[in-house]
Amino acid sequence: MKRTPKEIWIVETKGREDLDDPPKWERLKDWVADATARGEGVTYRAMFVREEEWKKRPLKDFAEAEVAFEIS
């Protein structure tokens, strides 16, 4: 999701989780850090949204999601 021209989010949504999901999330966190560090003036962020947590929270906007879910 391109929130602004200088802020890009990758939102990982999960229903059922598998054993290989934690390493994938760790790699995504590394990727956004590496992509941001390239120095192009763009910040990359990642958000991990579990389906069961999504269903518990009636969110009004993306800012509320930033607070509710794991981000990197």
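Is phenylalanine 48 buried or exposed? Phenylalanine 48 is buried, because its relative accessible area is 5%, and buried means under 20%, exposed over 50%, partly exposed in between, with a 1.4 Å probe and protein chains only.

Okay, some housekeeping. This is a predicted model, where local features need pLDDT of at least 70 and side-chain atom pairs count only at pLDDT 80 or more, while totals for chains, interfaces and linings use all residues. Residues are numbered from 1 along each chain as its sequence is written, and side-chain values use heavy atoms, leaving out hydrogens and water.

So, the core. A nonpolar core is a set of buried Ala, Val, Leu, Ile, Met, Phe, Trp, Tyr and Cys residues joined through side-chain atoms within 4.5 Å. The largest one here has eight residues, among them Trp25, Leu28, Val42 and Phe48. Helix H1 (21-37) and strand E3 (43-50) each give two or more residues to this core; helices are DSSP runs of H or I with at least four residues, strands are runs of E with at least two, and both are numbered from the N terminus. H1 gives the most, with four residues.

Now the rings. Rings of Phe, Tyr and Trp (its six-membered ring) pair if their centres lie within 6.5 Å; planes under 30 degrees apart count as stacked, over 60 as edge-to-face and the rest as tilted. There are four aromatic pairs in the whole structure. Take tryptophan 25 and phenylalanine 48: the centres are 5.2 Å apart and the planes sit at 50 degrees, so this pair is tilted. Tryptophan 25 is in helix H1 and phenylalanine 48 in strand E3, 23 residues apart. Tryptophan 25 is buried too, at 7% relative accessible area.

Compare tryptophan 54 and phenylalanine 69: centres 6.1 Å apart, planes at 20 degrees, so that pair is stacked. Tryptophan 54 is partly exposed at 49%, whereas phenylalanine 69 is buried at 7%.

The charged end of arginine 57 sits over its ring, 5.6 Å from the centre. That label needs NZ of Lys or CZ of Arg within 6 Å of the ring centre and within 35 degrees of the ring normal.

What does arginine 57 form a salt bridge with? The partner is glutamate 53, with the closest N and O atoms 2.8 Å apart. A salt bridge is a side-chain nitrogen of Lys or Arg within 4 Å of a carboxyl oxygen of Asp or Glu. Glutamate 53 also meets lysine 56 in a salt bridge, at 3.2 Å.
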